Every structure is written in structure tokens, then in C-alpha cells.
Amino acid sequence: MTTRRHAEISGAGFAGLTAAAALAKRGWSVRVHERSSDLRTEGAGIVLWGNSLRVLDRLGATPDLESRAMRSPAYETRMNNVIKSQEDMEGVRWISVTRPHLYRTLLTVAREAGVEIVAGSEVSGATPDGVLTLASGETARADLIVGADGVNSAVRDALGIPLRRERSRDGITRFLVPRRKADLQALEPDTEWDNYIDFWNLEPRVLRVLYVPCNAEELYIALMAPVDDSQGSKVPIDLELWSSNFPHLRPVLEEAAQLPGRYYGYQTTRLDHWTEGRVALIGDAAHAMCPALAQGAGTAMQNAWTLAEAATASSDADMAASLSGWERRERPYTDRAQDRSQYYADTRQMAEGSQFQGDILETALYDPTDPHRHEVTA
Ligand code: FAD
Ligand code: 5PR
């Protein structure tokens, strides 16, 4: 009889749950530690592209996910409330979903694969030889340790991995609100209000609203303002400020104004290295990024999947070398997604419209489940 290999994972976010499910489906015994006492996600909506959808396909999660998701007919960009572009994104797979729905889907997949998830269990660190330490003082030994504990990762900090953190000048407050389609159509009748719409105002003042339908009832709405704009970054939102700048959105802004909300400044973190011995970091613990390309969670899931593949293919004695080989092969895709997201956030260039072409689509079109993905074609 062979003994099953064991993985300990810090953090039950999108990265940790994806890694857990992927490892369990490959035969590993897996335990996930989540600091919060309840298993749920903060936040509103999320856009998923082909790279993460292919992983979710392989986990058997897409039928459930797509039963309550939206594929907008177009990605529309407006400047000062005038339409600049409507991109149909032909050939690009993408959907918008609510975060709670994605979270429940991943939890179900992980549990059905046999993953043990311990809520209210805080990790304090890990060692390269495979010992995880909990805040309670308890320790656990594993063949693989995954640090998926977010932008302030305890696993990363305990290993002392050097980190570069850059903050951008903008940030955003996100809400899930009712669609209020009839009220929106009363203000602007010639549309179904089903497009993903990126509303930009740069003059006289920088304010932006992302309008993202997630299903027939729910709308993800995100309000961007510079960090140093105290009125624009205030929560609850200043309804008069926002609806005077975006009059066609008043009904849904009224909904958002009733919710508490939290303003997040954009940031990018880059690590010297993602792995050390038997420990690998994924998701925001390794590579937090600006949301411009909507790939933070997408790259987290992509890297969770490829990590599970690399760790499973490795012999026990070679684990450290296999993990660094995984980083060497996979990391460049994420580095480029981070660089492009930061560039877009810093230049506010998405305001120009017609952005989803060429290199910008690299991450969305990447297939982390393709066994031939690293073969060089002559
Ligand atoms: P987290 O979601 O942060 O999960 C980490 C988990 O670990 C949490 O549950 C936390 O409680 C737990 N934890 C932390 N410390 C410990 C500890 N010591 N012990 C145990 N548990 C611990 N991405 C997209 O792909 N598409 C989008 O449209 C998109 N929009 C975004 C909009 C905004 C405004 C922002 C800020 C981000 C957006 N992202 C988007 C990025 C995405 O939200 C993150 O990249 C993603 O959620 C990261 O997942 P994660 O699992 O790595 O980290
Ligand atoms: N796209 C999405 C998003 O949520 C944000 C951005 C782009 C889906 C902000 O949260 O550019 O800020 C962005």
C-alpha cells in the first residue's frame, strides 16, 4: 500500500480552495486552515476569463457556476457618458459572477473532493522542510505547504521572503446591488443594460464606475476615485457626487449608497521568489495586482492548478526542485499580467476604449491545463 501524500494549506480564499480541490482530485490528503470563523468571501463581483474557467472546467465546477453567471454581449467603454467603444470580445471566453456564488461553488468542489477545511484556524508560519505552525502553537508536518493566505501572508512573512510593494494613486469601492433594469431603462431606453460598461470621467475630476451585470438580478458596481480624493473615496458613498457625474446610473447608485462598503487602494506586490523548500506561495500572497485586467483571482486559480500538477509529478525527494521549476515556468505569465495591470492602473489608459486586443489578452487566453503549453513551436 502506498501512503497518500499530505498537503497543508494556509487560507481558504479562491487560491487556497482551488489548490486544495486540485490536489485532492490528484489523490492527496489535504487540510486547509482559514483564520476567519466563517467560510465566506468579502466583496461583490468578479470577472473570470478563459485561463481560470479552464481550471474550473477541470474541477467540474463550471456547470454550477455558469448556471448563475452572465456573459455580457459587449464590453463597452464610455467617456463623460458618451460611448467610445463596444467590444464584442469574439473568441474570448469570459463571464461575470458574484463572489459569493464563486466561493460557494469552490467550497462544494473542495469538500466533494475530500478536502478538510478548518475554520477559525490561524497559521503563524511554515518552514522550508515542511512544518506548518498554527497560532495555537500546534504544528503539522506535510509533504507540501501552500501559502494562500492573501496579501499579508503569514507564511510568506515567516519565511522572510523579500517583497516589493507599490501602491497606485487610485482605488475602488465595490457593491452588489439589484439590477433595477426598468428604472435604468426609464433613464436610457435604447439599451437592455446587459453590457459590461466601464464609465470614465477624467475631466473635471477623475471618477469611474464599472457596471457589471452578474446574472438576471444582481449587478456588481465598482466606484473608482483617487486615494487623495476624500469625497470620492468616502463610504458610504456620496450619492450626490456620484449621481451628478453619472446621471444615468442614479437608481443603482442609490442602492449602493445604502450599503457600508470599503474603499481599497490598488497595490502590486512582487516577491523575490515564490517557493522555498516544500513551501509554495500562490494568489495574493505571491502576486497581488491592480484589478485593471481582472486577473488577480484568475492568475491565483491558474497557479493553484499548475502547482498541484507539478507537486504531484514530483518525487518526494525532488519536491524543492520541482517547486522552483514550477515557478520558473509559470511565473512569467503572472509577472506580465501584473505589469500590464499596473501600467493600465497607473496610466488610466483603459479610458481610451478598444483595449482588449493583442498582448493584453495573453492571460485570458492562456490554458494552464494544456500539457503542451510550454512547448516551443518553430
Ligand atoms: P484572499 O482572497 O485574500 O484569501 C486569503 C484567505 O486567507 C482569506 O480567506 C483570509 O482570511 C485567509 N488568511 C489570511 N491570513 C491567514 C492566516 N494567517 N491563517 C489562516 N488563514 C489566513 N480578480 C479577478 O480575477 N477578477 C476580478 O474581477 C477582480 N476584481 C478585483 C477588484 C478589487 C477591488 C480587488 C482589490 C481585487 C480584485 N481581484 C479580481 C483580485 C482578487 O480579489 C484577488 O486576487 C483574489 O481574491 C486573491 O485570492 P487569494 O485566495 O490569493 O487571497
Ligand atoms: N475590472 C474589474 C474590476 O473589478 C476592476 C477593474 C477592472 C472586473 C476594479 O475592481 O480596472 O479597477 C479596474
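The side chains of Asp 57 and Arg 93 meet in a salt bridge, with 2.9 Å from N to O; a salt bridge here is a side-chain nitrogen of Lys or Arg within 4 Å of a carboxyl oxygen of Asp or Glu. Asp 57 lies in helix H2 (residues 50–58) and Arg 93 in the loop between strand S5 (82–87) and strand S6 (94–98), so the pair ties together parts that are 36 residues apart in sequence. Helices (H or I, at least four residues) and strands (E, at least two) are DSSP runs, numbered from the N terminus.

This is a predicted model, in which local features need pLDDT of at least 70 and side-chain atom pairs count only at pLDDT 80 or more, while totals for chains, interfaces and linings use all residues. Residues are numbered from 1 along each chain as its sequence is written, chains are lettered from A and ligands numbered from 1 in the order in which they are written, and side-chain values use heavy atoms, with hydrogens and water left out.

**Salt bridges**

- The structure holds 31 salt bridges.
- Both partners of the Asp 57 pair are partly exposed: Asp 57 has a relative accessible area of 34%, and Arg 93 stands at 33%. Buried means under 20% relative accessible area, exposed over 50%, and partly exposed in between (1.4 Å probe, protein chains only).
- Glu 240 and Arg 250 form a salt bridge through their side chains at 3.3 Å, N to O. Glu 240 sits in helix H7 (residues 239–245) and Arg 250 in helix H8 (residues 250–257), ten residues apart, and the pair links distant parts of the chain.
- Glu 240 is partly exposed at 48% relative accessibility, and Arg 250 is partly exposed at 29%.
- A salt bridge of 2.8 Å, N to O, joins the side chains of Arg 340 and Glu 362. Arg 340 belongs to helix H11 (residues 319–347) and Glu 362 to helix H12 (residues 362–365), so this pair ties together parts that are 22 residues apart in sequence.
- Arg 340 counts as buried at 17% relative accessibility, whereas Glu 362 is partly exposed at 24%.
- Arg 164, Glu 166, Arg 270 and Asp 339 are joined into one network by salt bridges that share partners.

**Ligand 1**

- The shell around ligand 1 has 29 residues, of which Glu 34, Arg 99, Val 123, Asp 284 and Ala 297 come nearest. A residue is near a molecule or strand if one of its heavy atoms lies within 4 Å of it.
- A polar side-chain atom of Asp 284 is 2.7 Å from an oxygen atom of ligand 1, and a backbone N or O atom of Ala 297 is 2.9 Å from an oxygen atom of this ligand.
- On its own, ligand 1 has 1,000 Å² of accessible area, and the protein covers 85% of it. Accessible areas come from the Shrake-Rupley method with a 1.4 Å probe; for residues, only the protein chains shown count as cover.
- Helix H1 (14–25), strand S2 (29–34), strand S3 (45–49), strand S12 (163–178) and helix H10 (296–313) each give two or more residues to the shell around ligand 1. H10 provides the largest share, three residues.
- A polar backbone atom of Arg 35 lies 3.1 Å from a nitrogen atom of ligand 1.
- By class, the shell around ligand 1 has eleven nonpolar, eleven polar and seven charged residues. Ala, Val, Leu, Ile, Met, Phe, Trp, Tyr, Cys and Pro count as nonpolar, Asp, Glu, Lys and Arg as charged, and the others, Gly among them, as polar.

**Ligand 2**

- The residues around ligand 2 are Val 47, Ile 172, Tyr 196, Arg 208, Leu 210, Tyr 220, Tyr 266, Pro 291, Ala 292 and Ala 294. They divide into nine nonpolar, no polar and one charged.
- For Tyr 266, a polar side-chain atom is 2.5 Å from an oxygen atom of ligand 2. Ligand 2 exposes 320 Å² when taken alone, and the protein buries 94% of that.

**Cysteines**

- A search of the whole structure finds zero disulfides, a disulfide being a pair of cysteine sulfur atoms within 2.5 Å.
- Cys 214 counts as buried at 0% relative accessibility, and Cys 290 is buried at 0%.

How values were computed. A polar contact is a pair of N or O atoms within 3.5 Å; within protein, one must be able to donate a hydrogen and the other to accept it, and residues adjacent in sequence count only if both atoms are side-chain atoms.
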